[in-house]
Amino acid sequence: MTARELGLPVRVPADGLPDTVTIWEVGPRDGLQNESAVVPVGVKLEFLDRLADAGLTTIEATSFVHPKWVPQLADAESLLAGLSMRDGVRYPVLVPNERGLDRALAAGVRHIAIFGSATETFANRNLNRTLDEQFAMFDPVVSRAVAEGLDVRGYVSMCFGDPWEGAVDPAAVVSVGRRLLDLGCSQLSLGDTIGVATTGQVAALLGLFGAAGVPMSALAVHFHDTYGQALANTLESLRHGVTTVDSSAGGLGGCPYAESATGNLATEDLVWLLDGLGVSTGVDLDRLADTSAWLAGTLGRPSPSRVVRALRG
């Protein structure tokens, strides 16, 4: 019998957790961007459709980063032109600069994300800017997007550890985050880019954001599972009032600019945890596992997700 037929996971609600969590699915963008072999646009479109069929309502579709830097996503315009957008589903795209915003607006995008750094070294390596200079690049992007009626999310990378600088000062993360919110971002996604965060760090950082007047509703978390701590860190975040969690179907992804960044938190693993705690996500775990097993077969390798491997072999 399957786990579902056996009534697993057993639902035992816990105090101090939100009733509902929004999963921000990053598989089609962050999950696929590291793939060396170009995935056909038809496969990407089917992936997006399958994710929506599984109940995901926020699916980060692609990126308008220059194709030189992320060749896998060079088909962004073709992808969006071929995408049948579902009612009730958001399809945000990543936008690095004003040229990227021009492309997003031409494609009819309504939700965008920008990506910043909490550390000097990563800002230089990822954006070719200093920590302060990145905001001068973001300002016209965010102000134009907001004026056009777009919703803007701000990613903050290297919130807990940096492969070149080591431990990251949480006060610096809060400073970067506050500046992005002041520019006009509606939400911050706090990224554990190399997967080194501990639950103590997570609690401390969220506490500092709260002390700075940032509501937990304006924050999301984005954990990588390098040291197997992504689920623990997610649970700690939920206990502090965060209700948006980034994850990638099948645990795909990493960061092309940080070699030590391994896969994202797998959406299936996250859903298993939340289902067991009685937290609603609207996601059908069986359909999602089928999707990730299908994609793993298309990519020619096993899924990194433990739940996918347990449910689908």
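Buried means under 20% relative accessible area, exposed over 50%, and partly exposed in between, with a 1.4 Å probe and protein chains only. The views below come from a predicted model, in which local features need pLDDT of at least 70, side-chain atom pairs count only at pLDDT 80 or more, and totals for chains, interfaces and linings use all residues. Residues are numbered from 1 along each chain as its sequence is written, and side-chain values use heavy atoms, with hydrogens and water left out.

Helices (H or I, at least four residues) and strands (E, at least two) are DSSP runs, numbered from the N terminus. Seven of the ten residues of helix 9 are buried, so this helix is largely enclosed by the rest of the structure. The buried residues of helix 9 are Ala-230, Asn-233, Thr-234, Leu-235, Glu-236, Ser-237 and Leu-238. Their cover includes strand 9 (187–192), helix 8, strand 10, strand 11 (244–247) and helix 10 (267–276), where contact means heavy atoms within 4.5 Å. Gly-241 follows helix 9 and has a positive phi, near 105°.

His-224 is in the loop between strand 10 (219–223) and helix 9 (230–239). With 3% relative accessibility, His-224 counts as buried. A polar contact is a pair of N or O atoms within 3.5 Å; within protein, one must be able to donate a hydrogen and the other to accept it, and residues adjacent in sequence count only if both atoms are side-chain atoms. Which side chains does the side chain of His-224 contact in this way? One is that of His-222, at 3.4 Å. Another is that of Asn-264, at 3.0 Å.

**View C. Packing of helix 7 with helix 8.**
Helix 7 (residues 170–183) and helix 8 (residues 199–211) pack at an angle of about 45°, and their axes are 9 Å apart. Axes are lines fitted to C-alpha atoms, for helices over the stretch in contact, and angles run from 0 to 180 degrees between N-to-C directions. Angles under 35 degrees count as roughly parallel, over 145 as roughly antiparallel, 65 to 115 as roughly perpendicular and the rest as oblique. Helix 7 and helix 8 are therefore oblique to each other. Their crossing is right-handed; a crossing has this hand if the near helix is turned clockwise from the far one by less than a right angle, and is left-handed if anticlockwise. From helix 7, Pro-170, Ala-171, Val-173, Val-174 and Gly-177 meet Leu-205, Leu-208 and Phe-209 of helix 8. By class, this contact of helix 7 with helix 8 has seven nonpolar residues, one polar and no charged ones. Ala, Val, Leu, Ile, Met, Phe, Trp, Tyr, Cys and Pro count as nonpolar, Asp, Glu, Lys and Arg as charged, and the others, Gly among them, as polar.

**View D. Packing of helix 2 with helix 11.**
Helix 2 and helix 11 (residues 285–299) pack at about 165°, with 9 Å between their axes. That angle makes helix 2 roughly antiparallel to helix 11. The crossing of helix 2 past helix 11 is left-handed. Helix 2 contributes Val-43, Glu-46, Phe-47, Arg-50, Leu-51 and Asp-53 to the contact, and helix 11 contributes Arg-287, Leu-288, Asp-290, Thr-291, Trp-294, Leu-295 and Thr-298. By class, the contact of helix 2 with helix 11 has six nonpolar, two polar and five charged residues.

**View E. Leu-94 in strand 4.**
Leu-94 belongs to strand 4 (residues 93–94) and counts as buried at 4% relative accessibility. Setting aside residues up to four places away in sequence, Leu-94 touches Arg-29, Thr-62, Ser-63, Phe-64, Val-65, Ala-113, Ile-114, Phe-115 and Tyr-155.

**View F. Glu-35 in a loop.**
Glu-35 lies between helix 1 (27–31) and helix 2 (41–53), in the loop. Is Glu-35 buried or exposed? At 15% relative accessibility, Glu-35 counts as buried. Apart from neighbours within four places in sequence, Glu-35 is in contact with Gln-72, Leu-252, Leu-299 and Arg-301.

Asn-128, in the loop between helix 5 (120–127) and helix 6 (133–147), is not a glycine but has a positive phi of about 55°. Asn-128 is exposed, with a relative accessible area of 59%. Met-158, in the loop between strand 6 (151–157) and strand 7 (161–162), has a positive phi near 60°. Met-158 counts as buried at 0% relative accessibility.
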